Amino acid sequence: MTHDLADASRSSFLARQRVGEAREATATDAAPSAVPASVGDRRGWWRDAVIYQVYPRSFADSDGDGMGDLPGIRARLPYLRDLGVDAVWLSPFYASPQADAGYDVADYRAIDPMFGTLHDADALIHDAHLLGLRVIVDLVPNHSSDQHEWFKRALREGPGSALRERYHFRPGKGEHGELPPNDWESIFGGPAWTRTDNPDGTPGDWYLHLFAPEQPDFNWENQAVADEFRSILRFWLDMGVDGFRIDVAHGLVKAAGLPDMGTHDQLKLLGNDVLPFFDQDGVHEVYRTWRTILDEYPGERIAVAEAWTPTVARTANYVRADELHQAFNFQYLGTAWETAALREVIDLSLDAMRPVDAPTTWVLSNHDVVRHATRLAPADPELGLRRARAASLLMLALPGSAYVYQGEELGLPEVTDLPDEVRQDPAFFRAAGQDGFRDGCRVPIPWSGTEAPYGFGPDGGPSWLPQPAEWAGLSVAAQTGVPGSTLELYRSALAIRREHPALGAGSSVDWLDDLPAGVLAFRRDAGDRGSFVCTVNPGAEPVAVPAQGRVLLSSVPVEVRDGSLLLPADSTVWWAV
């Protein structure tokens, strides 16, 4: 047995042992890979699923340490069931030094103590299934933590170590190797290379990290890396998870020889071109292998790509029939609130996915971008919320699957005035990278009460990022049962989406071009079961439109008079036809 295969064998044994320990602790009778009857076995559930992203450290704190955790999430699962979502996506909770909020993983089969234990993870999955919720977990295969045992051994053993082949170690350029091996830049700013010290203290080789120095990139040309991640997939599938969201899915394979880019400000090229370190064609063979593993398990386990690509056509490559099930639609997320732009990106998105028979996904916010209640009108909070409500109804009316980021159902804005001393985004501390302000969308969400932490944790307890005073009026408790609140708007929209036969899965819309200029309107038909129309006015002035049927829901109050409706500025109306 080779050294690499021995590692994989030991890893598989530990995985089975840990699953058994967690299952024994929770005393559940169901087999770990079985599909609970409460979740159901509806074919193609992922084609129209509404998936709610939970950022664990900011969702609910059970023990008062100021950090959200798995028991806190578990206690709030009934809220998500009542909201009307189909699945929960959990951002990383693995053992990690937290150099990048858990996206620097030290052990892919262990829970970080700040979030709980494997017992807690097993109990959360079990309870979610009983409530009819599926569970998707984040997987981070592009890089590990620098505290991962493989990387620590690679440094400790020095040049020639077989462990170094599992990462990208290279000698430097220059007379004494003092320059990085190539000109690649980190997404977080600065060079994408850090120099090591040899065991004897002399300057050594460099290693590649497309993100923070604490996140060394795996070498996916190495068989041990591929074997390890197949084992990790099986570990969590045996725990009962329903799928994976694949972080930096476009980054695993690098161009042969790691060629220079020949340019600076490389961050500006992201999403505009195929780069030597992103969206290389070799990644697709990895996902074909993963798909065979997913298909071995009952209940249609899925994988979702976070893939930043130049075009939606290249995004579609990730969701071919023998690869992944979904890919995030970042082109839609970045589209301006303007009629022509919205129609164009909707058409492009649907057209790209139709040939590969994959669902289009729609998303407006996540843990890496400015919340859309702020992004759509940065200088005007009232207008931003109005547009956010309208944009959310548009998103939920489109065919395919939709993603909701925690707190958007409350209309939470971006927190733009966090003091520098509380920030934790690693990009904030590095020059020339991302703007470093991702903390503003990660502030713990408000549940109840008039003072911080607003039910996030025990009364009077801390929260890892400070919450604004005005969030008292945006809490779950403050909005529940209040007609017209953003929370009740989401609850109503999700209930209608689930019940109306023309909503949910699909691959096209019928545009209504006979309405006044500036109005975005489309129809979706379910034959003799009924039809649905969505009308959107992204403009600054109201527009009179003919009534399309019976008003189902609107982002702002509206009234039909004499067969006509004055569609307010920045609004969306749903109609039953």
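**Close-up views of a predicted model**

View 1. Cys 534 counts as buried, because its relative accessibility is 0%, where buried means under 20% relative accessible area, exposed means over 50% and partly exposed lies in between, with a 1.4 Å probe and protein chains only. Cys 441 also counts as buried, at 1% relative accessibility. If a disulfide is taken as a pair of cysteine sulfur atoms within 2.5 Å, the count comes to zero disulfides. This is a predicted model, in which local features need pLDDT of at least 70 and side-chain atom pairs count only at pLDDT 80 or more, while totals for chains, interfaces and linings use all residues. Residues are numbered from 1 along each chain as its sequence is written, and side-chain values use heavy atoms, with hydrogens and water left out.

**View 2. Strand β2 and its parallel neighbours.** Helices (H or I, at least four residues) and strands (E, at least two) are DSSP runs numbered from the N terminus, and two strands pair if DSSP finds at least two bridges between them. Strand β1 (residues 50–54) pairs with β2 in the parallel sense over four bridges, and Ile 51 stands opposite Ala 87 in β2. On strand β2 (residues 87–90), Ala 87 and Trp 89 point one way and Val 88 and Leu 90 the other way, and all are buried. β2 also pairs in the parallel sense with strand β5 (residues 134–139), again over four bridges, with Leu 90 opposite Val 137 in β5.

**View 3. An open antiparallel sheet.** Three strands form an open sheet in the order β17-β20-β19, with antiparallel pairing. The edge strands, β17 (543–546) and β19 (560–561), each pair on one side only. Four bridges join β17 to the antiparallel strand β20 (residues 564–567), and Val 543 has Leu 567 in β20 as its bridge partner.

**View 4. The surroundings of Ser 161.** Ser 161 is found in the loop between α4 (149–157) and β6 (169–170), and this residue is buried, with a relative accessible area of 6%. Not counting residues up to four places away in sequence, Ser 161 touches Arg 153 and Ala 154, where contact means heavy atoms within 4.5 Å. The side chain of Ser 161 also makes a polar contact with the side chain of Glu 157 (2.6 Å); a polar contact is a pair of N or O atoms within 3.5 Å, and within protein one must be able to donate a hydrogen and the other to accept it, while residues adjacent in sequence count only if both atoms are side-chain atoms.
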